[in-house]
Structure formats: C-alpha cells, structure tokens
Amino acid sequence: MTAFSEADHHWMSRAIALAGKGQFTTSPNPAVGCVILDSDGNLAGEGYHRQAGGPHAEVFALRQAGDRARGGTAYVTLEPCSHHGRTPPCAEALIEAGIKRVIAAGTDPNPKVSGKGLALLQNAGIAAEHGLLETDAEALNRGFMTRMRTGKPFVTLKLAASLDGKTALENGHSQWVTSEAARLDVQRHRASACAILTGSGTVLIDNPSLNVRLTANALGLEDDLGVRQPLRVIVDSRNQMQPDLTLFTLPGEILLANKKPNHWRFDSNVSQWQCHHKTPRVHLPALLNELGQRGVNHLWVESGAALAGALLQQHLVDELMLYQAPKLMGDKAKGLCLMPSLSHMNEALSLSWSDIRQVGEDLRLTARVLPQNQKK
C-alpha cells in the first residue's frame with residue numbers, strides 16, 4: 001500500500017473541499033475537486049466540477065495551472081475519466097499537460113471508467129495512485145456510488161415528529177411540527193438531492209410545492225449558476241393527481257408513477273411512468289430501478305406514514321433523517337410510519353446513528369438503516 005505524505009493528505013483535503021462546492025449543481029454527475037502542484041510542490045491550479053455538461057474539475061485546474069502543470073502532481077477526488085461523454089477524457093488532458101504524478105482518492109465505480117482512467121495514466125508513464133482519503137471523498141458522492149454499484153439511488157427518508165413520535169394531530173393538522181430553522185435545513189437537503197419522492201395522499205392533504213425555495217446566494221453558488229430544481233416524483237397508484245394542484249403550477253420536472261396513464265392534461269414538464277407489476281400499488285423496487293436508469297443518484301423522500309412505512313418494510317431506505325421537535329402531541333396524534341405489528345424484538349428494523357445535532361429548537365437525528373442480515 002502506498003505511504004502518502006502529510007502534504008498529500010493536505011492537498012487531497014483541499015480537493016475534497018473544492019468538490020463539495022458542486023454538491024447542488026452536478027447531478028447526475030459526481031462532485032469532483034482537483035488540485036495541481038507544480039514540479040516544486042507549489043500550488044499551480046485548482047478547480048471543481050461545477051455542473052453537468054460542463055468541464056470537469058481537472059480541466060479547470062489545468063487551465064489555471066497552465067504551463068506550470070508540466071512535471072507536476074494532480075490530486076483528484078475521483079479517478080479521472082477515460083471515455084468520451086459530453087466532455088473529452090480528463091485522463092488524456094492530464095497526459096497532454098505533462099503531469100508526472102496523479103493521486104486519486106478512489107476509483108470510479110462507473111463501468112465506463114473503473115480502473116481504466118488510472119491504467120491510461122500509468123501506460124503513459126505517469127505515477128498514478130489511489131486510496132488517499134477515499135472514505136471522505138466517497139461521502140460526497142454516496143448517491144452516485146450507490147447508483148453505479150446497484151442501479152438504484154441512495155434513499156434518504158426525511159421525517160419530522162414531536163418528542164413522542166407524532167407527525168400530526170388527530171385531526172390532521174401538522175403545520176408546523178418543527179421550527180423554521182429545521183425547515184430551512186430541509187431546503188438545503190432538497191437542493192442537494194436529484195429527486196424528491198412523495199405519495200399522492202400527502203399531495204392531496206398538504207398541497208405542497210416540493211421545490212427548492214432557497215436562492216443561489218443562500219446555497220453559496222457562484223453568480224452564473226442557478227438553483228437546480230430536483231425531479232419531483234409522485235407515487236399515484238390511483239391517479240388522484242390533477243393539474244390544478246400547487247406543485248403542477250411551478251417550474252421543474254415532475255414524474256407521476258402510476259398503474260395506468262392519468263388522462264388529465266398536464267403541462268409538458270410532467271411525464272408519467274407506468275408500473276406493470278401485478279401489484280395493487282406501484283411496485284416501489286421497480287420505481288427505484290427506473291429512477292436509477294434516469295440518472296437519479298440521491299432520492300430524498302418526504303411522505304406520509306403509509307409510503308414511509310412501505311419503503312422501510314421493503315428495505316428500500318438507506319438513511320433516515322428525523323427532525324424531532326420539543327413538543328408532546330398526545331397518544332391519539334398520527335405516528336411516523338405505518339408498519340405491521342411485530343412479535344419479537346429481533347424483528348425490529350435496526351439503525352445505526354451517524355449524526356446527531358441541534359437545528360434551531362429541534363434535534364436532527366440521522367441514522368443508517370442496517371441491512372437485514374447485519375446485527376449491531
């Protein structure tokens with residue numbers, strides 16, 4: 001295993017920080033950062049992938065470095081691409097620039113790239129290595145990594161509840177369980193997701209917008225980058241959606257997942273996908289596969305108890321994020337998830353805490369959902 005120096009760790013950390021600047025704009029591509037040092041080990045150029053269809057991180061860094069890149073070192077948070085897509089291969093750009101050493105945090109799981117970018121560099125006589133701060137770099141692109149490895153998006157189920165685990169009063173009133181600070185935090189998570197999923201019941205009850213309402217400035221985007229609206233996906237097994245609902249009057253793409261076509265006349269931003277599984281409702285695993293094929297890396301779920309429970313029961317949730325308010329709403333208020341009763345504690349869904357912090361007046365509890373066969 002390669003022994004990376006303290007300087008290597010420093011510059012890769014810088015590349016990872018740069019990659020994070022693209023978290024709201026690169027979908028369906030991964031967020032990638034790049035730092036280039038000259039032959040004397042001084043910073044010559046840096047950049048990050050800003051948006052899908054635009055130049056990759058290596059290109060921006062090489063432009064800034066110019067002739068100083070020759071004989072230098074490149075730190076990249078993901079293996080440089082080796083195939084022609086909407087942009088030329090970054091591995092070839094590094095070779096042409098005369099880079100002598102490339103360190104990638106990790107290999108790219110995309111079968112079009114995986115290992116081929118590093119091999120291309122090595123065949124050109126470049127010392128190409130990987131495995132530096134790989135876990136930190138992969139955390140930025142867990143959606144992309146999951147989609148490339150499984151064909152499905154990484155699924156985060158967002159819930160909001162009182163201290164006694166209730167989401168709405170017995171009469172259905174739920175605005176607002178959590179604080180304004182928590183709702184703003186949700187907006188940032190929506191902005192970083194590729195798609196937002198909910199059920200038709202939630203849309204009919206709450207008539208939500210399900211869009212990103214933060215400005216580009218609030219998200220820290222550069223002046224020429226606009227706010228990307230995630231795809232809004234509505235599970236509508238019974239074709240209850242109508243075009244006069246709020247979310248259909250707002251900009252942004254919408255996908256209706258149903259069992260048969262909805263014949264209301266929707267605007268051109270609304271498409272439909274029919275589930276042909278012989279089930280009474282939309283087959284959720286099939287829907288996730290479809291979203292993966294559409295390039296959805298990270299799926300953010302804001303739904304009612306029925307859809308939340310179905311996703312959890314079918315082991316389709318990777319992460320649960322619960323905003324818990326310091327309120328007590330009573331035993332007759334509505335619960336988090338509709339799931340069948342269990343007979344033994346070993347049947348309970350197991351979670352592993354990954355983050356706990358206070359957001360405004362509320363707690364934000366984040367937990368990974370453990371695989372069925374994994375015990376704590």
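This is a predicted model: local features need pLDDT of at least 70, side-chain atom pairs count only at pLDDT 80 or more; totals for chains, interfaces and linings use all residues.
User: How do I read the pairing around β3, and how many bridges join β3 to β4?

Analyst: Strands of a sheet pair through backbone hydrogen bonds, either parallel or antiparallel. Two strands count as paired if DSSP finds at least two bridges between them. β3 and β4 run parallel and are joined by four bridges; besides the Val76 pair, Ala74 stands opposite Val102 in β4. β1 (residues 33-37) is joined to β3 by four bridges too, but those two run antiparallel. There, Ile36 has Ala74 as its bridge partner in β3.

User: Are the side chains of Thr73, Tyr75, Ala74 and Val76 in β3 buried or exposed?

Analyst: In a regular strand the side chains alternate between the two faces of the sheet. In strand β3 (residues 73-76), Thr73 and Tyr75 point to one side, Ala74 and Val76 to the other, and all four are buried. Buried means under 20% relative accessible area, exposed over 50%, and partly exposed in between, using a 1.4 Å probe on protein chains only. Both faces of β3 are therefore covered.

User: What is the strand order of the five-stranded sheet?

Analyst: Read across the open sheet, the order is β2-β1-β3-β4-β5, with mixed pairing. β2 (43-48) and β5 (127-130) each have a single partner strand, so one side of each is left without a neighbour in the sheet. Ignoring direction, neighbouring strands are turned by 10° against each other on average. Axes are lines fitted to C-alpha atoms (for helices, over the stretch in contact), and angles run from 0 to 180 degrees between N-to-C directions.

User: Which strands does helix α1 touch?

Analyst: Helix α1 (residues 6-20) packs on that sheet against β1, β2, β3 and β4, and its direction makes about 140° with that of β1. Contact here means heavy atoms within 4.5 Å. Helix α4 (residues 116-123) lies across β4 and β5, at about 155° to β5.

User: Now some loops. Is Ser82 buried or exposed?

Analyst: Ser82, in the loop between β3 and α3, has a relative accessible area of 19% and so counts as buried. Setting aside neighbours within four places in sequence, Ser82 is in contact with Pro89, Lys112, Val113, Lys116, Gly117 and Leu120. Lys100 sits in the loop between α3 (90-96) and β4 (101-104), and Lys100 is exposed because its relative accessible area is 55%. Pro28 is 72 residues from Lys100 in sequence, and the two are 30 Å apart in space, C-alpha to C-alpha.

User: And the nine-stranded sheet: what is its order?

Analyst: This open sheet goes β11-β10-β9-β8-β12-β6-β13-β16-β15, with mixed pairing. β11 (270-274) and β15 (351-359) are the edge strands, pairing on one side only. The twist averages 20° from one strand to the next. Inside the sheet, β13 (residues 319-325) and β16 (residues 362-369) pair antiparallel over six bridges, and Leu320 stands opposite Ala367 in β16. Helix α7 (residues 180-192) packs on the sheet, touching β6, β8 (195-199), β12, β13, β15 and β16, with its direction at about 145° to that of β12. Helix α6 (residues 142-150) lies across β6 (154-162), β12 (298-302) and β13, running at about 130° to β6.

User: Which residues of α10 are buried?

Analyst: In helix α10 (residues 305-313), the buried residues are Leu307, Ala308, Gly309, Ala310, Leu311 and Leu312. Their cover includes β6, β8, β9 (231-235), α9 (284-293) and β12. Just after α10, His315 takes a positive phi of about 55°.

Notes
Residues are numbered from 1 along each chain as its sequence is written. Side-chain values use heavy atoms; hydrogens and water are left out.
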